[in-house]
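Morning, everyone. Please have a look at the model first.

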Amino acid sequence: MGTLSLSDFEAVKIPVPWGHISGRWYGNRNERPILAIHGWLDNLGTFDRLIPLLPDYLGVLCIDLPGHGRSSHLPPGTYYSVYEYVFTIPLVMKEYGWSKVSLIGHSLGGVLCFIYASLAPHTVDMIVSLDILLPLRTEIDYMALSVEKQLANVELQKLGNYSEPPSYTPTQLGKVLARGSFNSVSPDLAKHLLHRQLAKSKLYPERFYFSRDIRVKYYHYIHIDDGLGAEMARRIIKKPYLIIKGSLSPYLSDRNKEVMSILAKDNPHFEFYEVENGTHHLHLHAAEECASYIVPFIQHHRPPALTSWAVAGKDDRSRKPKGFLTWTNKKRSKL
């Protein structure tokens with residue numbers, strides 16, 4: 001069994017009411033793929049280093065969320081929010097006629113997976129969440145700034161006074177993206193996120209600007225308090241759920257423990273791992289270690305079609321998840 005090739009993909013445009021969702025369907029295009037969803041301000045290039053490490057019998061459909069990458073921007077006067085992003089999942093499912101969906105999500109994408117799975121658990125058969133579960137707490141100052149920025153953009157649109165965003169030289173772009181990610185993405189890995197979100201400046205030759213919709217920077221994200229998070233987790237009970245955390249990342253704080261305990265309770269299909277020295281974009285800089293957890297999880301819950309009675313190789317299920325959950329004699333203990 002080999003691995004997927006980053007060059008073996010079909011570029012797709014999924015029609016939606018406001019335009020299209022852009023994506024790349026890697027590998028097997030004869031069976032339902034895994035749907036991969038990137039994080040805030042990123043695009044499907046975030047999975048560039050992970051894709052070539054996954055088994056080649058799979059199909060993986062990576063999409064750009066609305067306003068990101070090469071997907072259509074929402075119409076003028078509308079407001080990006082978590083709700084529109086969650087709606088993307090059933091829209092993709094409807095386009096391809098899927099009654100079930102397997103999900104991989106990073107950051108915002110992982111939050112969308114959790115929310116959608118709680119709303120329609122009967123349609124989700126597997127979830128891989130990269131360095132996220134519950135979203136960070138909503139800050140009132142951010143909400144106020146978000147409204148202010150959205151109103152300013154509405155006025156600019158009415159006046160037809162949109163100016164070109166700041167542009168950068170190719171050597172500056174990696175540093176700008178690294179700084180914007182709080183150095184979670186190093187400049188040398190920035191290329192994976194740049195190739196789908198740049199446009200050539202019309203004002204300054206040899207410079208480029210970020211082509212994503214400027215409004216996504218101030219999208220409305222959802223606050224899930226502890227009680228709501230617990231109730232949502234109870235709706236996803238006993239679902240195959242893999243969570244991988246970066247040890248240096250703040251996105252899986254202690255407030256996630258109750259929700260993780262509920263997901264894990266009496267669930268042999270729940271797994272949690274922590275990547276030492278991993279940042280929020282651990283699937284980029286530590287792709288090999290992430291794949292060492294993801295591949296056996298996928299092979300167990302989305303195995304290849306059985307074509308003969310001889311099964312080559314043996315899935316190693318002996319590793320024990322670590323971190324929030326401790327294991328004794330193969331039985332999970334309470335937090």
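Start with pLDDT, the predictor's confidence in each residue, on a scale from 0 to 100. The protein chain has a mean pLDDT of 88, and 87% of its residues reach 70 or more. This is a predicted model, so to speak of ground rules: local features need pLDDT of at least 70, side-chain atom pairs count only at pLDDT 80 or more, and totals for chains, interfaces and linings use all residues. Numbering runs from 1 along each chain as its sequence is written, and side-chain values use heavy atoms, with hydrogens and water left out.

Over residues 308-318, pLDDT stays under 50. A contact here means heavy atoms within 4.5 Å. For residues 308-318 the model has nine contacts beyond four places in sequence. Residues 323-335 also stay under 50. For that stretch the model has 24 such contacts beyond four places in sequence. Where pLDDT is low, predicted coordinates should not be read in detail.

Next, a sheet. Helices (H or I, at least four residues) and strands (E, at least two) are DSSP runs, numbered from the N terminus. Two strands pair if DSSP finds at least two bridges between them. Three strands form an open sheet in the order 7-9-8, with antiparallel pairing. Which strands are the edges? Strand 7 and strand 8 (198-200), each pairing on one side only. Strand 7 and strand 9 pair over two bridges, in the antiparallel sense. Tyr168 has Phe208 of strand 9 as its bridge partner. Helix 4 (residues 170-180) packs on this sheet and touches strand 7, strand 8 and strand 9. The direction of helix 4 makes about 20° with that of strand 9. For such angles, axes are lines fitted to C-alpha atoms, for helices over the stretch in contact, and the angles run from 0 to 180 degrees between N-to-C directions.

On to the rings. Rings of Phe, Tyr and Trp (its six-membered ring) pair if their centres lie within 6.5 Å; planes under 30 degrees apart are stacked, over 60 edge-to-face, and the rest tilted. How many aromatic pairs does that rule give? Eight. Take Trp25 and Tyr96: the ring centres are 5.3 Å apart and the planes stand at 85°, so the pair is edge-to-face. Trp25 lies in strand 2 (residues 19-27) and Tyr96 in helix 1 (residues 82-96), so this pair ties together parts 71 residues apart in sequence. Buried means under 20% relative accessible area, exposed over 50%, partly exposed in between (1.4 Å probe, protein chains only). Trp25, at 8%, is buried. Tyr96, at 28%, is partly exposed.

Then Tyr168 and Phe210. Their ring centres are 6.1 Å apart with planes at 65°, so this pair is edge-to-face. Tyr168 is in strand 7 (residues 167-168) and Phe210 in strand 9 (residues 208-210), 42 residues apart. Phe210 is buried, at 13%. Ring pairs also link Trp40, Tyr80, Tyr85 and Tyr219 into a cluster.

Charges over rings: NZ of Lys or CZ of Arg must be within 6 Å of the ring centre and within 35 degrees of the ring normal. Arg212 sits over the ring of Phe210, 4.9 Å from its centre. Arg24 lies over the face of Phe9, at 4.0 Å from the ring centre.

Last, backbone. Asp131 is not a glycine, yet has a positive phi of about 60°. Asp131 is in the loop between strand 6 (124-130) and helix 3 (140-159). Buried or exposed? Asp131 is buried, at 0%.
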